Amino acid sequence: MSKRLDYNQIAPAGIKALGGVYGYVLQSRLSATLIELVYLRISQINNCAYCLDMHTRDLLKKEEKVEKIALLQAWREAGNLFDEREQAALAWAETVTRVAETGVPDEAYQAARAVFEERELVDLTIAISLMNAYNRMAISFRATPAAAAAA
């Protein structure tokens, strides 16, 4: 797989605007680790190699347990490895990412609202939307994962 084009060079103002949203999410009340877990789960759903590589590395830098990263894709079967907020965030991320299939049902919204305050849920949804946008950029233009570039 070869890179199609360098969107960072071609549309720097657009990428900078996405970076502004990224900065907004980082300053939210959501924990950085929760956000990274959500980013990684979304990237798994979308099969984005570039973002899978990046967010796995970011979680390892945050000293997240390898077992937790390895079981993220099957978080529902991972017992209490993921806490209540993480489980709620991952469930919400999955239904929002698959919006065309799920329509984001009322039950999913109610489950997320039971755990997150209004502002947190809006910020989480912004984070989910952002990662879906980044995944689509990286996949469409074949961004090279760091691991592949180093090989």
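From the N terminus on, the elements of the chain run α-α-α-α-α-α-α-α-α-α, which amounts to 10 helices and 0 strands (DSSP runs numbered from the N terminus: helices H or I of at least four residues, strands E of at least two). The model is predicted, and local features need pLDDT of at least 70, side-chain atom pairs pLDDT 80 or more, while totals for chains, interfaces and linings use all residues. Residues are numbered from 1 along each chain as its sequence is written, and side-chain values use heavy atoms, without hydrogens and water.

Buried residues (under 20% relative accessible area, 1.4 Å probe, protein chains only) account for 38% of the 151 residues. Val38 touches (heavy atoms within 4.5 Å) Ala89, Leu90, Ala93, Leu124 and Ile128, residues up to four places away in sequence not being counted.

The lining of the largest pocket receives at least two residues from each of α1 (7-10), α2 (12-26), α4 (49-61) and α9 (118-140). The largest contribution to this lining is made by α4, with 4 residues.

Notes:
Buried means under 20% relative accessible area, exposed over 50%, partly exposed in between (1.4 Å probe, protein chains only).
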